[in-house]
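Try each one before reading its solution.

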Amino acid sequence: LLASTAGLLLRTMAHLDSVDLGFTPEHVVMLDVRDESPQPSFGGVDDAAMKARRAERYRVLDERLNGLGGVRRASVSWLGLFSMQDLWLPLIDPERPEDRPMSRVDYVSARYFDTMGMQILQGRGFRDSDREGTPRVAVINQTLARVRFGAGDPLDRRIALDYQGEQQ
């Protein structure tokens with residue numbers, strides 16, 4: 001039994017090399033940067049002024065990282081790819097308000113998908129002009145598009161997060 005289990009493990013490991021990860025890991029460096037500003041209390045939400053300060057801090061960080069010599073592209077991700085941190089929030093579709101499935105959420109800067117080597121299949125990625133005070137946009141994966149919108153076109157459809165911070 002041990003020999004067959006070990007053989008299965010080896011075949012699985014060899015097969016993993018051919019699996020499409022959905023991003024390009026070569027030449028990617030990830031840094032964990034902690035925001036030391038005061039955190040909202042448990043269950044609390046940043047007020048508009050704090051949101052603006054955080055957004056400006058992240059914008060400056062993104063700009064400085066992209067200005068470093070030898071850096072082709074840099075981006076900021078609130079949770080980070082494979083960071084072992086997750087934020088799952090209920091998702092609201094105005095056409096099906098009673099159905100609120102949980103969805104994994106991350107907030108990223110404009111160059112995130114290019115930086116990670118992820119391909120946008122339809123629509124567009126984020127732009128620097130997508131910021132607080134402008135109409136909200138989202139990038140969703142194929143699974144969410146299929147589950148929420150079926151065979152219909154997900155572009156220009158409305159979804160929202162059921163989260164107190166999204167209502168301010």
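**Exercise 1.** Find how many aromatic pairs there are, and work out how the rings of Trp78 and Tyr107 are arranged.

*Solution.* Start with the rule: rings of Phe, Tyr and Trp (its six-membered ring) pair if their centres lie within 6.5 Å; planes under 30 degrees apart count as stacked, over 60 as edge-to-face and the rest as tilted. The count comes to three aromatic pairs. Next, the ring centres of Trp78 and Tyr107 are 5.4 Å apart with planes at 70°, so this pair is edge-to-face. The two partners are 29 residues apart: Trp78 sits in the loop between helix 2 (48-66) and strand 1, Tyr107 in the loop between strand 2 and helix 3 (112-115). Helices (H or I, at least four residues) and strands (E, at least two) are DSSP runs, numbered from the N terminus.

A note before going on: this is a predicted model, where local features need pLDDT of at least 70, side-chain atom pairs count only at pLDDT 80 or more, and totals for chains, interfaces and linings use all residues. Residues are numbered from 1 along each chain as its sequence is written, and side-chain values use heavy atoms, leaving out hydrogens and water.

**Exercise 2.** Decide whether Arg148 is buried or exposed, and find its polar partner.

*Solution.* Buried means under 20% relative accessible area, exposed over 50%, partly exposed in between (1.4 Å probe, protein chains only). At 3%, Arg148 is therefore buried. Its side chain makes a polar contact with that of Asp99 at 3.0 Å; such a contact is a pair of N or O atoms within 3.5 Å, and within protein one must be able to donate a hydrogen and the other to accept it, while residues adjacent in sequence count only if both atoms are side-chain atoms.
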